[in-house]
Structure formats: structure tokens, C-alpha cells
Amino acid sequence: MGLTAADVERFEASRQRLEAIGYRLLGSAAEAEDAVQETFLRWQAADVERIEVPEAWLTKVLTNLCLNQLGSARARRELYVGQWLPEPLLAGDPMLGPAETAEQRESVSYAVLTLMERLSPSERAVYVLREAFDYPHREIAAILDISEAASQQVLHRAKQHIAQGRPRVAVDAAEARRIVEEFLAAAISGRPESLVKLLTADAVSLGDGGGKVPARAKAFEGAAAVARFIWGLFRPAPAKRALAGDVIEIYVTTVNGEPGAVAIAGGRVFGVTHLQVTAEGIGLILNQVNPDKLERATERWARAADHGKPLLVTM
């Protein structure tokens, strides 16, 4: 028996929530969309009249599809060229999901998505469902086929792992944006020493080129090394324009709900930079330049009406 229009409408009412869960679980918008589409196929094949709580059923199917995918993803990432970083989302993307609470905002921040790679699949699922979507442990236990006590224990472990890499003292959004703007101004000034003053002594910079765009596999560590790298990254050069295929414009923007930078070349997103700002300075810089992970950001950028003036235009 096929789905009725009401059945399809009920699924579509859950799509945005499912995609937001999938993105947090997988760190990839494209993979999240695929998982949601597979969930729809399962919904289509099910006897939906016998499903008492469709939203719970859909969440369970989607979560378990993502858990299976996470297992195989770990094996694929061992063969990944260079550093693996999540797919960034720009402001206004519905896949960012709810952002009313501090826990919801943190769960989708680029740095925390990167930290979640340390978690086991079950830890990641419990953390996302509880912290980002406020599911009670009773429902999480039913979704994952574990006890409520086990769900609580898994969440405790997950939060401990996340806390180990969380910034010591974060700053508010307005102050973070000011520091990001100051950082980018220093990056294009040609004076690495100006950058050093804005970084923590143990600052780290990572980049993901996916083997398609040059990106160092090993992290840059320490303020001096990171400053030299960033100075070179933002320095205009003919080779960069040749790689981008056009002039490169640098804008201050919002990346996964936090201040960051985006590089635009020929109307497409060429690179996205996230900066983790603490009271002590910028401690972590994550650069995503893998074109496969920037397609959705390019679509979102094209839809936005006004981007303001670029901070830098490289010729």
C-alpha cells in the first residue's frame, strides 16, 4: 500500500529536524541528506498506519542509519587524504537546527563537531539527541535499544570527552566577531607579529583539502608557527588566483553559528575559516578548502541578499 498525501506531508514536516540530527551525527550535510532520503524510503515501505508515534519511529530509523554510516565512515577516513574536518554551514542554513539554548548552539559549532569525531557512534548519538534536541533519556534509550541508565552513563562520558577540547573560557558573540575582524586585518597586514598577539601560546591550525586543494596534513602548532602559516595563507599570490580561477574576496561571516571568514572566488565559496575565540585569544583555526564540502555553502552564499563589503580582495 502506497503512502497517502497525508503520510508524505507528515514525513516532510519532520524532514528539517531529521536533517539537523543527521548533520550533527555525520558532520556532513550531503551524507545527512542521503540518510534522510533513505529514511523516507523506509517510511514508504512501512505499514505507517501501525506506527503509533511517527516522529519517534522516523528518529529511530534515521539515527540507526547514521550510526551504521559512522562505523564505515571511520574506516573511510583512515584512507582520507590529509586532515578530515566537518562540512561547514553558513548563517541561515536550516540544517543548523535549533539554536535557542547554549547547548543547542554548542552542539553545531564547528569546533565541537570536530571534537565529536573523538566520540564513539553511540556517544555521539546520545550527546546529539540529548544536548541538541532535548530528548529525554527514556526516548533515547528506546531509539538506541539501551537502558535509561546506560544512556545517562554514555552522555556523561561523551560530555567528558567534549570538555577536554572545549575552549577554556569562551567570549560572547559580539566580542568574538570583533576579535575575528582584528585577526583578519592582521592576517592581511603582512606582519605576522600582529597575529601572534591575537593567538594563544598553544594555538593550533588545521586544514582539510581532501587531496583536491593543497592543505598540510599535519597541524601547525604554537602561536609563531600558526601566525606564519596564516600570513602566507592570506598573502596574495598568482598561484592562488590560478587555483581559484578568479580574484578572491574575503568576508567576515558566520560559520556554524560563530564568527568566521569565507573566501569567495567567481561567486563560489573557495574556503571557509572557523576561529575558536577564548578570553586568552584565538586557540584553534580550522580551514575547510575541500571543494566537495563547500557546495552547500556556495548555494547558501548565492541566496543571501547582502554580504556587505569584502575585507580583502586579492588580485
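Guide: Residues are numbered from 1 along each chain as its sequence is written, and side-chain values use heavy atoms, with hydrogens and water left out. In this predicted model local features need pLDDT of at least 70 and side-chain atom pairs count only at pLDDT 80 or more, while totals for chains, interfaces and linings use all residues.

Visitor: What makes Lys-293 and Asp-208 a salt bridge?

Guide: The closest N and O atoms of Lys-293 and Asp-208 are 2.7 Å apart. A salt bridge is a side-chain nitrogen of Lys or Arg within 4 Å of a carboxyl oxygen of Asp or Glu, so the pair qualifies. The pair links distant parts of the chain, 85 residues apart: Lys-293 is in the loop between β6 (281–288) and α13 (295–303), and Asp-208 is in strand β1 (residues 199–208). Helices (H or I, at least four residues) and strands (E, at least two) are DSSP runs, numbered from the N terminus.

Visitor: Why is Lys-293 called buried?

Guide: Lys-293 has 11% relative accessibility. Buried means under 20% relative accessible area, exposed over 50%, and partly exposed in between (1.4 Å probe, protein chains only). Lys-293 therefore counts as buried, and Asp-208, at 0%, is buried as well.

Visitor: What makes Arg-138 and Glu-139 a salt bridge?

Guide: Their closest N and O atoms are 3.9 Å apart, which is within the 4 Å limit, so the pair counts. Arg-138 is exposed because its relative accessible area is 51%, whereas Glu-139, at 31%, is partly exposed.

Visitor: How do you know that Glu-175 and Arg-178 are about one turn of the helix apart?

Guide: Both residues lie in helix α9 (residues 173–187), 3 residues apart.

Visitor: How many salt bridges does the structure hold?

Guide: The structure holds 15 salt bridges. Glu-33, Asp-93 and Arg-296 are linked in a network of them.

Visitor: Why is Asp-134 called exposed?

Guide: Asp-134 has 53% relative accessibility, so it counts as exposed. Asp-134 is in the loop between α6 (121–132) and α7 (137–144), and has a positive phi of about 60 degrees although it is not a glycine.

Visitor: What does UniProt list for residues 111–162?

Guide: An unreviewed UniProt entry lists "domain: RNA polymerase sigma factor 70 region 4 type" there. UniProt positions are given in the numbering used here, feature names are shortened, and annotations may be inferred rather than shown by experiment. Over these residues the chain is 77% helix and 0% strand.
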